[in-house]
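Welcome, and thanks for taking a look at this one. Please open the sequence and the structure below, and keep them at hand while you go through the briefing.

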There are 2 protein chains.
Amino acid sequence: MDEDENAFVDRLGLFFETLGAPRTMGRLYGRLMICEPAHQSLTELSIALGVSKASVSTVIRMMQEGGMVERLPTATRRHHYRITPGGFARVVEVQLSRMRAGIDAAEYGLSLLRPDQTEQRDRIEEFRDLCEFSDKHVHEQFAQRWAEYRSGKDGRP
Amino acid sequence: MDEDENAFVDRLGLFFETLGAPRTMGRLYGRLMICEPAHQSLTELSIALGVSKASVSTVIRMMQEGGMVERLPTATRRHHYRITPGGFARVVEVQLSRMRAGIDAAEYGLSLLRPDQTEQRDRIEEFRDLCEFSDKHVHEQFAQRWAEYRSGKDGRP
DNA sequence: AGGATCGTTCACAACGTACTGAACGATCTG
DNA sequence: CAGATCGTTCAGTACGTTGTGAACGATCCT
């Protein structure tokens, strides 16, 4: 519809693509941020973005499972979706939790090396520690720090 | 060659794939962690991983530009590569810096909205703040905190 | 019950990317 | 100089993923 709104939606599509998510997911998220009212049915989203209902159906399910959007209870069989408040934080957390696989791989590598292979061990250990750090420390403190940051932004007492 | 080493290498390939990087990049990184000596020529890597020299050439260039590996000065024309010590931290930083694009998109979206569209503004602002937080705060403190964490791990005084 | 609306699912087409093999330029060795 | 080695580049192929259209089941409205 609106030219500017489309530009915004497409920018979010590009952003999501760089994060490894499908473009349509970003466009849906963008649309749900600017739409009025906040909740939209699958068909409405399909029309607004100019993509098939099939795409919206599959992608929005992924978003729902990831906690980015939530389905509202409704009387009709229309499925109304809206952005989960604070839901995008989960996405970032999931992104960081991927580091666990790196830790596991590193531990496996260390189990293969002899104790005297110190140089190789050092390389793997540094890699493992960084994965561990990214996952553990950042992940542990993320929710809390984010809450502090957020409360410092808005003017509520 | 070794069955176990291949398993380790392939695990890192999978890990890198989940981060959106090519599988070969992860396998190269894995190989460079366990090889002896630490530096390897392009042809050696090609043989060890069972991939074409063409792949190694292009992928290792990407890794070099990203700061994950570095080329060693050498007398011959053999290009010797090794893992950049602490180089993987850069990868994580780059990953986090991708959030900047989210900030820009959000600012653009806000510029489109009227001042009275408070609900939409709230949604976008939360998204923007989270991107800003992920990029700015985490990114700012990453190097320092990682150094602290690292120094606490190894036993050096 | 008949008709319409809404979302889901399937097979298929379109696209981008990762990888290969061959040709090439450049450098060392005998 | 001839031959071999090493890395780069290019065109082409193979693969996985994204998005579509059509058929379907289910629900609501007269």
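## Strands of chain A

In chain A, strand β2 (residues 69–72) runs antiparallel to β3(A), and four bridges join the two. Please bear in mind that this is a predicted model.

**Strand pairing**
- Within the pairing of β2(A) with β3(A), V69(A) stands opposite I83(A) of β3(A).
- Strand β3 of chain A covers residues 80–83, and strand β1 of chain A, residues 40–41, also pairs with it in the antiparallel sense, here over two bridges.

**How the two copies are related**
- Chain B is superposed on chain A by a rotation of 180° with 0.0 Å of shift along the axis, at an RMSD of 0.1 Å.
- The two copies are therefore related as by a two-fold rotation axis.
- Both copies use the same surface: 100% of the contact residues of chain B recur in chain A.
- Which residue of chain B comes closest to the rotation axis? That residue is G20(B), whose C-alpha lies at 3.0 Å from the axis.

**Around DNA strand D**
- DNA strand D is surrounded by 20 residues, and the closest are S52(A), A54(A), T43(B), A54(B) and S57(B).
- Two or more residues each come from α2 (23–34) and α4 (53–66) of chain A, and from α3 (42–49) and α4 (53–66) of chain B.
- Of the elements at this surface, α4(B) gives the most, with four residues.
- By residue class, the surface near DNA strand D holds six nonpolar, nine polar and five charged residues.

**A residue in helix α7 of chain B**
- E148(B) belongs to helix α7 of chain B, which spans residues 118–153.
- Is E148(B) buried, exposed or partly exposed? E148(B) counts as partly exposed because 13 C-beta neighbours lie inside 10 Å, while a residue is exposed at 12 or fewer and buried at 20 or more.
- E148(B) and T118(B) are 30 residues apart in sequence, and their C-alpha atoms are 42 Å apart in space.

How values were computed. Residues numbered from 1 in each chain as written. Chains lettered and ligands numbered in written order. Predicted model: local features only at pLDDT ≥ 70, side-chain atom pairs only at ≥ 80, totals over all residues. Near = placed C-beta within 6 Å. Nonpolar A, V, L, I, M, F, W, Y, C, P; charged D, E, K, R; others polar. Least-squares fit on C-alpha atoms with pLDDT ≥ 70 in both. Contact = placed C-beta atoms within 7 Å. Pairing = 2+ DSSP bridges.
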